[in-house]
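Hello,

Here is the structure we talked about passing on.

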Amino acid sequence: MLTNAPRGTKDVLPQQIHKWHFVEKKFVRICERYGFREIRTPVFEHTELFQRGVGDTTDIVQKEMYSFNDHGGRNITLKPEGTASAARAFVEHKIFAETQPTKYYYETACYRYEKPQSGRLREFHQFGIETFGSRNMLADAEVISLANDFLTECGVKDIELRINSVGCPSCRARYREALQDYFRPYYDQLCDTCKDRFERNPMRIIDCKSPEDHAIAVGAPSILDYLCEDCENAFSDLQKNLQALGIAYTVDPTIVRGLDYYTKTAFEFVTNQIGAQGTVCGGGRYDGLIREIGGQDVPGVGFGLGIERLLLLMEASGVTFPEPAASDALIVVMGEEAKACGLKLLKEFRDKGLKVEMDVMGRNIKGQMKYADRLGARYAIVIGENELASGQAQVKDMQASSQSQVAFDRLYELLAGKEMN
Ligand code: ATP
Ligand code: MG
């Protein structure tokens, strides 16, 4: 127990971290290219923020949050998603008074008490972006386009963009009645959560993961038949923008998303390559959120993208992740004087930007040479009494297995050029 990570969490060991660095760098580059800027928010927030901002009819708020009272008696929750925090910061720092839109990106850990399985963890990580301040469907298209570019640059295969409109409170009122009429005869067959959803938020039944409920929901009326004129125009605008950008999509009226604050645009990037947890990225518009958490009437649109699922899909797509470079050299020393000389060189080479190491285990010369091999170091630079006397190190090219003498003051040149002369 003591030496096992808590259920649903995962260590990322150095052997895997290059995969994370690879996608992190790509994500930052693409976001900056689109004019988004990074925001960092706390790992925890007041529980109420998520109750209001995510919505208390959602699975997240009803059963998945890590909430606790701190020593000051505040009710605190570990972030289950990133949007509510970004919106809170937007309001708190009065960003709405600045020129709009406001474009944020972030990488964050998220915490949800779920049943752990492949692609579903209790601590997972998201890349996310949010655009605040625009009601124009260009903003939605930009958000989708950024996700699309990012996924393409990551080299994922077999992923599909599905879009829908979940309407606004006025079209949803009529839709809600239609849904209740549809589900009423099946009420007794619904799972307990959906029985509750039937009254509180019947649209959520369409999102239910239980296969029985899912089968019932297949015949449910489509939101797209209930959109008001404004929402219908917006949806058609969005599609025109996506077409102009050359982004392929399918309209899927069953995409309703798990969160209460979504309005109009909802979208997901889905794949069948990584098992049941196939949604890699989900997002949409949330015009009601900022007002809901006590701010102005400021609209927003964004997405959350699960990094663990992205990496699973990249692996399934056969993407090769660039491995970090091995050491340029291991400095192999024999004797106290040689050690002092080696340390000087080590410092000089590192200051100049080379990746150079020295043994700290007290290995003998044979052991140090073996270690150079283990490290995959390009060169072993051997310094002993003779070398100190002659002012020349023995340099072993580990790849060519050849050996030569190189003056101390020419070593850097050799390592930097990475060529034997
Ligand atoms: P799902 O339907 O799979 O539960 P969700 O609708 O709850 O997803 P969002 O809240 O939209 O997910 O989160 C955005 C993305 O974060 C998801 O598309 C997914 O890639 C990732 N994600 C969500 N929950 C988890 C989890 N428990 N473990 C790993 N990744 C997750
Ligand atoms: Mg979920």
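Predicted model: local features only at pLDDT ≥ 70, side-chain atom pairs only at ≥ 80, totals over all residues.

Ligand site

Ligand 1 is surrounded by 16 residues. The closest are Arg112, Glu114, Leu121, Lys209 and Arg257. Sorted by class, this shell has six charged, six polar and four nonpolar residues.

Three strands, β6 (123-132), β10 (279-285) and β11 (300-306), each supply at least two residues of the shell. Of the elements, β10 gives the most, with four residues.

For Arg120 the distance is 2.9 Å, for Arg309 it is 3.0 Å, and for Gln126 it is 3.1 Å. Taken alone, ligand 1 exposes 580 Å², and the protein buries 91% of that area.

Rolling a probe the size of a water molecule over the atoms shows where empty space is left. In this structure there is one cavity of 30 Å³ or more, and the volume of the largest cavity is about 30 Å³.

Which residues line the largest cavity? They are Met137, Ser165, Cys231, Ala234, Phe235, Leu238, Lys264 and Thr265. By class, the lining has five nonpolar residues, two polar and one charged.

Helix α9 (229-244) and strand β9 (263-270) each supply at least two residues of this lining. The most comes from α9, with four residues.

Regards

Terms used. Residues numbered from 1 in each chain as written. Chains lettered and ligands numbered in written order. Heavy atoms only, no water. 1 Å grid on protein atoms, 1.4 Å probe; cavity = no way out; pocket = protein on both sides within 12 Å on 5 of 7 lines; lining within 4 Å. Points joined across faces, edges and corners; volume = space filled by probe spheres on them. Nonpolar A, V, L, I, M, F, W, Y, C, P; charged D, E, K, R; others polar. Near = heavy atom within 4 Å. Polar contact = N/O pair within 3.5 Å; in protein donor to acceptor, adjacent residues only side chain to side chain. Areas by Shrake-Rupley, 256 points an atom, 1.4 Å probe, with all protein chains shown as cover.
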